[in-house]
Amino acid sequence: ALLRPAMRYVFLIAYDGTHFAGSQRQKNARTVQGVLEETAAGIFGAPVRIALSGRTDAGVHAAGQIGQADGDTAVPPGKLAEVMSRHLPDDVKMLKSAAAPEGFDCTRAVRQKTYCYRFYCSRTEHPLLSRYAVRLEREPELGRMRAVCPLIEGEHDFAAFRATGSSARTTVRTVFSLLVDRRTVYGVPVYEIRVTGNGFLYNMVRILAGGLYAVGCGIADGKDILSAFETGERAKLYRTLPAAGLTLEHVDYGFPLFGI
């Protein structure tokens, strides 16, 4: 029998990052990539490498991560996510699958990504919020946070907004939009910082969220943000906020991967 050439499949993946040591495969650690590849090997009947659109750190969640795999299976492309998800653990699932467009690369073809950082303001941990949002005691002023968003939007050198250990060749990134919303959930104020950009540095969104929180609390202002861009130092921009509040919401390629 003639061997069929391997097909490239694309997947929409969601995961709760709480019990993962990040998305990228590591030795002796539970990772999203590792769990997906283990399950795929059973479906494809051979080792399969699953590439992701980008890495997420330990504890970070995803509602719209994109992955791809090359392989050959009798399962139709549109049904593969459903079949895979039956065998995946509760904290990671494939929501959609399709045959990839010709020449598609889920990492290199990314146009923009949207992340959301959530925190809530309370004296005590809330058991229904604390898994996907971080508790901060002091409540910031929404108007102050929104007022500095236009300063961060656009193309800037975000060197001050990255953690040490970043291997990026350039620290220049473009933020297309930055929005801050506040809503009440279970009687508790929940803040959502949603940022869309062409790419993000190591811990950049968590540092940005900390900076906006500092501004909202009157610890910092717009001048401190402009100073951080100019000097590459973030003296007053608060700490990097914890991973649990961060979710990768959407990866955009300029066209729909899974139909409309």
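**A chat about the fold**

Guide: Let's begin with Tyr-9: its relative accessibility is 2%, so Tyr-9 counts as buried. Keep in mind that this is a predicted model.

Visitor: How many aromatic pairs does the structure hold?
Guide: There are eleven aromatic pairs in the structure. One of them is Tyr-9 with Phe-44: the ring centres are 5.7 Å apart and the planes sit at 70 degrees, so this pair is edge-to-face. The pair links distant parts of the chain, with Tyr-9 in strand 1 and Phe-44 in helix 1, 35 residues apart.

Visitor: And Phe-44, buried or exposed?
Guide: Phe-44 is buried, at 11% relative accessibility.

Visitor: What about Tyr-15 and Phe-20, how are their rings set?
Guide: Tyr-15 and Phe-20 form an edge-to-face pair, 6.4 Å centre to centre with 70 degrees between the planes. Tyr-15 is buried with a relative accessible area of 4%, and Phe-20 is buried with 4% too.

Visitor: Which residues do ring pairs link into a cluster?
Guide: That would be Phe-119, Tyr-191, Tyr-213 and Tyr-238.

Visitor: OK, back to Tyr-15. What's its bridge partner in strand 3?
Guide: Ala-62 is the partner of Tyr-15 there. Strand 1 and strand 3 run antiparallel and are joined by eight bridges.

Visitor: Which way do strand 2 and strand 3 pair?
Guide: They pair in the antiparallel sense, over three bridges, with strand 2 covering residues 50–52. Leu-52 stands opposite Gly-67 of strand 3.

Visitor: And strand 10 with strand 3, parallel or antiparallel?
Guide: Parallel: two bridges join strand 3 to strand 10, which is residues 246–252. Ala-62 turns up again here, as its bridge partner in strand 10 is Leu-248.

Visitor: Why is strand 3 said to be largely enclosed?
Guide: Strand 3 runs over residues 61–71, and nine of its eleven residues are buried, so the rest of the structure largely encloses it.

Visitor: New topic: where is Asp-16?
Guide: Asp-16 lies in the loop between strand 1 (7–15) and helix 1 (32–44). With a relative accessibility of 10%, Asp-16 counts as buried.

Visitor: What does Asp-16 touch?
Guide: Leaving out residues up to four places away in sequence, Asp-16 touches His-61, Asp-91, Arg-131 and Tyr-132. With Arg-131 there is a polar contact, side chain to side chain, at 2.7 Å.

Visitor: Let's do helices. Which residues are buried in helix 3?
Guide: In helix 3, residues 142–152, the buried ones include Leu-142, Met-145, Val-148, Cys-149 and Ile-152. They cover an arc of only 135 degrees around the axis, which puts them on the same side of helix 3.

Visitor: Why would residues a few places apart point the same way?
Guide: An α-helix has 3.6 residues a turn, so residues three or four places apart point the same way.

Visitor: Which exposed residues are on the face turned away?
Guide: Ala-147 and Pro-150 are the exposed residues carried on the face of helix 3 turned away from its buried side.

Visitor: What covers the buried residues of helix 3?
Guide: The cover includes strand 5 (112–121), strand 7 (154–157), strand 8 (172–185), strand 9 (188–197), helix 4 and helix 5 (222–231). Following helix 3 comes Gly-154, with a positive phi near 100 degrees.

Visitor: How many residues of helix 4 are buried?
Guide: Helix 4 is mostly covered, with 13 of its 13 residues buried. Its residues are 204–216, and at 1.5 Å a residue they should span 18 Å; the end C-alpha atoms are 18 Å apart, which agrees. Just after helix 4, Gly-218 takes a positive phi of about 80 degrees.

Visitor: Last one: Glu-155, buried or exposed?
Guide: Glu-155 counts as exposed, because its relative accessibility is 60%. Glu-155 is found in strand 7. Setting aside residues up to four places away in sequence, Glu-155 touches Val-172, Arg-173 and Thr-174.

Visitor: How far apart are Glu-155 and Ala-51 in space?
Guide: From C-alpha to C-alpha, Glu-155 and Ala-51 are 28 Å apart, and in sequence they are 104 residues apart.

Methods
Residues are numbered from 1 along each chain as its sequence is written. Side-chain values use heavy atoms; hydrogens and water are left out. Helices (H or I, at least four residues) and strands (E, at least two) are DSSP runs, numbered from the N terminus. Buried means under 20% relative accessible area, exposed over 50%, partly exposed in between (1.4 Å probe, protein chains only). A polar contact is a pair of N or O atoms within 3.5 Å; within protein, one must be able to donate a hydrogen and the other to accept it, and residues adjacent in sequence count only if both atoms are side-chain atoms. Contact means heavy atoms within 4.5 Å. The expected span of a helix is 1.5 Å times one less than its number of residues. Two strands pair if DSSP finds at least two bridges between them. The arc is that of the directions from the helix axis to the C-beta atoms. Rings of Phe, Tyr and Trp (its six-membered ring) pair if their centres lie within 6.5 Å; planes under 30 degrees apart count as stacked, over 60 as edge-to-face and the rest as tilted.
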